[in-house]
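Here is a brief report on one protein chain. Keep the sequence and the 3D view open while reading.

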Amino acid sequence: MSTANDISAADNDAAAELPALIPLEVLFGNPTRTQARIAPTGEYLSWLAPSDDGVLNVWVQPADGSGKPRQITEDKVRGIRFHGWSQDGKRVLYLQDRGGDENWHLYAVDVADGKTRDLTPFEGVRAENLITDPGHPGEVLVGLNKRDPSVFDMYRIDLASGEVELDTENPGDVLGWLTDADFRIRAAEAKDPETGDDIVRVRDGEDAGWRELIRFPFGENGGAYGFDKSGDTLFVTSSLGSDTTRLLALDAKTGEVQRELAKDPKSDVAGVIVHPTEHRIQAVEFDYLKPEWTLLDKGLEPDFAYLRGVARGEIMLADRTLADDRWIVAFQPDDGPTSYYLYRRGDGSTERSAELLFVTRPELADYPLTNMRPVEINARDGLTLPGYLTLPSTVEGSKPAEPLPMVLLVHGGPWARDHWGYDAQAQWLANRGYAVLQVNFRGSTGFGKAFLNAGNKEWGIGAMQHDLTDATRWAIEQGIADSERVCIMGGSYGGYATLAGLAFTPDLYACGVDIVGPSHIKTLFESIPPYWAPAKKELVLRVGDVENDPALNQRISPLYHVDNIDDPLMVLQGANDPRVKIAESDQIVEAMRAKDLPVTYIVFPDEGHGFARPENRLDAFARIERFLAEHLGGRVEAEQTIEGSTAEVR
């Protein structure tokens with residue numbers, strides 16, 4: 001097969017018409033800036049941007065534009081990926097782990113003097129469920145599995161002194177906590193270890209006993225969003241009595257439904273906007289093929305009407321001041337990078353205005369990007385599969401003049417989903433000449449309980465994998481994909497689906513790329529992180545009891561079907577992955593090599609479940625690109641040494 005580096009003279013005219021190659025650095029390197037935030041007091045803006053040594057750090061600047069931006073964190077290795085503000089606007093809060101182990105520590109940086117404090121300085125302990133409150137600006141609540149690695153108790157931390165005090169102890173089955181308007185923990189989301197049911201519990205005060213308010217039997221979907229200002233009403237999502245989740249207001253004492261706030265026949269509740277101080281839900285997002293906002297607070301209608309004229313793409317309210325006079329708004333189109341604006345709402349005496357703060361990757365403007373097209377595909381049993389098709393920018397219309405090589409890009413989870421919008425991997429592959437198909441197979445979340453439950457116990461040889469097969473065959477029948485040049489690729493569950501695709505439908509694919517995917521489901525279950533223990537029953541109900549059913553485990557674990565794999569495979573793995581341990585990749589590679597089957601194995605010793613360091617990310621995608629070009633015939637960027645990558649070929 002020819003590649004971009006092997007073009008004959010006869011192909012020169014055609015090659016000259018191809019769009020410019022988008023450099024991997026532009027697609028997968030550090031953004032110029034990202035994740036804009038505003039201090040609750042409105043005094044400062046903040047964002048993530050690379051330091052002089054190319055590592056993402058937090059930068060701040062006065063919101064009035066005075067003064068120069070200044071870097072206030074000093075991460076030297078992995079880069080900071082999540083940050084926000086304390087409610088008094090004096091400190092930036094951020095999370096960081098070590099080498100991808102996902103034992104997140106919570107840090108606070110004083111904006112005035114730049115001093116950094118590790119608020120959770122406990123070895124091997126993970127911080128999650130961070131809660132702040134405007135009425136208690138000097139403290140935070142955070143979940144720590146300090147007492148017991150399998151559960152998270154809630155601790156109250158004084159931001160000035162760093163004092164850590166136990167607030168609420170986990171009885172053993174709670175996965176998340178919620179506070180009321182007085183910053184007291186008043187609700188808990190638990191998982192019944194015997195049935196897999198989801199339970200919402202409440203209490204009337206810190207000294208009162210817990211009681212079950214609502215239960216979602218396994219197979220139903222639901223959860224809590226928070227209390228209203230009075231504490232008498234709890235907002236929840238619930239599929240009880242419907243297929244998709246509805247947004248409901250419940251009486252916090254009786255659990256009775258007070259009113260239904262919003263619903264959509266095709267989409268679960270995808271997100272909400274909550275007023276920063278009044279504890280009321282203002283808007284609800286639904287997302288079937290594309291995200292749409294339903295405004296419950298009519299006072300937001302002028303804001304959204306104005307914002308729709310500011311920029312293209314999905315509107316995302318990223319942050320807002322406590323006074324609610326200024327918002328950080330992000331716009332995300334499908335064919336370009338995210339743009340962040342500072343939106344001033346106006347107050348009667350001043351006009352509304354939107355000031356562009358930055359575009360995350362402005363250099364993308366120099367390259368041809370393409371659209372992500374929503375599609376609906378019928379599976380063999382008639383179930384409709386929502387998905388997305390991305391074609392090279394040179395393709396006019398809904399399909400190419402001739403079938404293209406295609407990459408079936410499978411999402412992880414599997415209890416997650418693909419979304420419409422800018423997708424760096426889809427743009428990269430389309431730019432290299434591939435059709436890219438992303439399908440929400442049954443078991444994906446967001447499309448109602450029937451769609452989710454249709455994936456129960458359907459891994460590997462079941463309907464979840466059949467959906468991927470049917471989507472691929474649909475693309476071939478539609479003239480989109482060349483039947484001889486289809487690759488299956490994905491991370492986590494997508495990596496498992498890659499192995500299953502090569503093992504169970506070897507004639508369908510020309511190659512596969514498995515990124516941190518499990519190969520043996522029993523060993524996956526046996527090695528899950530301790531804090532997954534409360535949800536273990538649901539995992540068994542969704543997948544099957546592979547630990548006690550050897551026949552089932554052998555049927556769905558690709559490791560037992562290596563003999564069927566006759567297509568080239570690339571495996572990429574982070575050595576410190578806490579979810580899919582490196583043994584999952586080691587064993588499939590070892591089994592393939594024992595049978596002299598074609599496999600390329602790349603390990604990153606300083607990464608976990610995915611590749612956080614940009615040097616490693618660039619190296620990984622460069623290797624994948626060359627692998628795809630070799631087996632599908634797409635284009636490649638000229639090979640170069642990527643300084644700082646820790647990739648090991650094993």
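## A buried helix

In α4, the buried residues are A424, A426, Q427, W428, L429, A430 and N431. This is a predicted model. Helix α4 covers residues 424-431, and seven of its eight residues are buried, so the rest of the structure largely encloses it. The cover over those buried residues includes helices α2 (24-28) and α12 (614-632). It also includes the strands β29 (384-390), β30 (404-410), β31 (435-439) and β32 (481-491).

Both ends of α4 have something to inspect. After the helix comes G433, with a positive phi near 105°.

## A four-stranded open sheet

Now turn to the sheet. Its four strands follow the order β24-β25-β26-β27. The sheet is open, and the pairing is antiparallel. Strands β24 (314-320) and β27 (353-359) are the edges; each has a single partner strand, so one side of each lacks a neighbour in the sheet. From one strand to the next, the twist averages 30°.

Take the pairing of β24 with β25 (residues 326-332). Six bridges join these two antiparallel strands. Within this pairing, I315 stands opposite F331 of β25.

## Y340 in strand β26

Y340 belongs to strand β26, residues 339-344. Is Y340 buried or exposed? Y340 is buried, because its relative accessible area is 10%, and the cut-off for buried is under 20%.

I328 is 12 residues away from Y340 along the chain, yet their C-alpha atoms are separated by 6.8 Å. Leaving aside neighbours within four places in sequence, Y340 is in contact with T34, Q35 and A36, among others. Its contacts also include A318, I328, V329 and A330. Further along the chain, Y340 touches E355, L356, L357, F358 and T360.

## Aromatic pairs

The model has 21 aromatic pairs. F82 and W104 make one of them: the ring centres are 5.5 Å apart and the planes meet at 85°, so the pair is edge-to-face. The cut-off for that class is over 60 degrees. This pair links distant parts of the chain, 22 residues apart. F82 is in strand β5 (residues 82-85), while W104 is in the loop between β6 (91-96) and β7 (105-110). F82 is partly exposed, at 41% relative accessible area, whereas W104 is buried, at 13%.

A second pair, W415 and W459, is tilted. The centres are 6.3 Å apart, with 40° between the planes. W415 sits in the loop between β30 and α4, and W459 in the loop between α5 (449-453) and α6 (463-477), so the pair ties together parts 44 residues apart in sequence. W415 is partly exposed, with a relative accessible area of 30%. W459 is buried, at 6%.

## Charges over rings

Two cases show a charged side chain placed over an aromatic ring. K146 lies over the face of F122, 5.0 Å from the ring centre. R186 has its charged end over the ring of F227, at 4.6 Å from the centre.

Notes: Residues numbered from 1 in each chain as written. Predicted model: local features only at pLDDT ≥ 70, side-chain atom pairs only at ≥ 80, totals over all residues. Heavy atoms only, no water. Buried < 20%, exposed > 50% of the residue type's maximum accessible area, 1.4 Å probe, protein only. Contact = heavy atoms within 4.5 Å. Pairing = 2+ DSSP bridges. Axes fitted to C-alpha atoms, helices over the stretch in contact; angles between N-to-C directions. Phe/Tyr/Trp six-rings, centres within 6.5 Å; stacked < 30°, edge-to-face > 60°. Lys NZ or Arg CZ within 6 Å of the ring centre and 35° of its normal.
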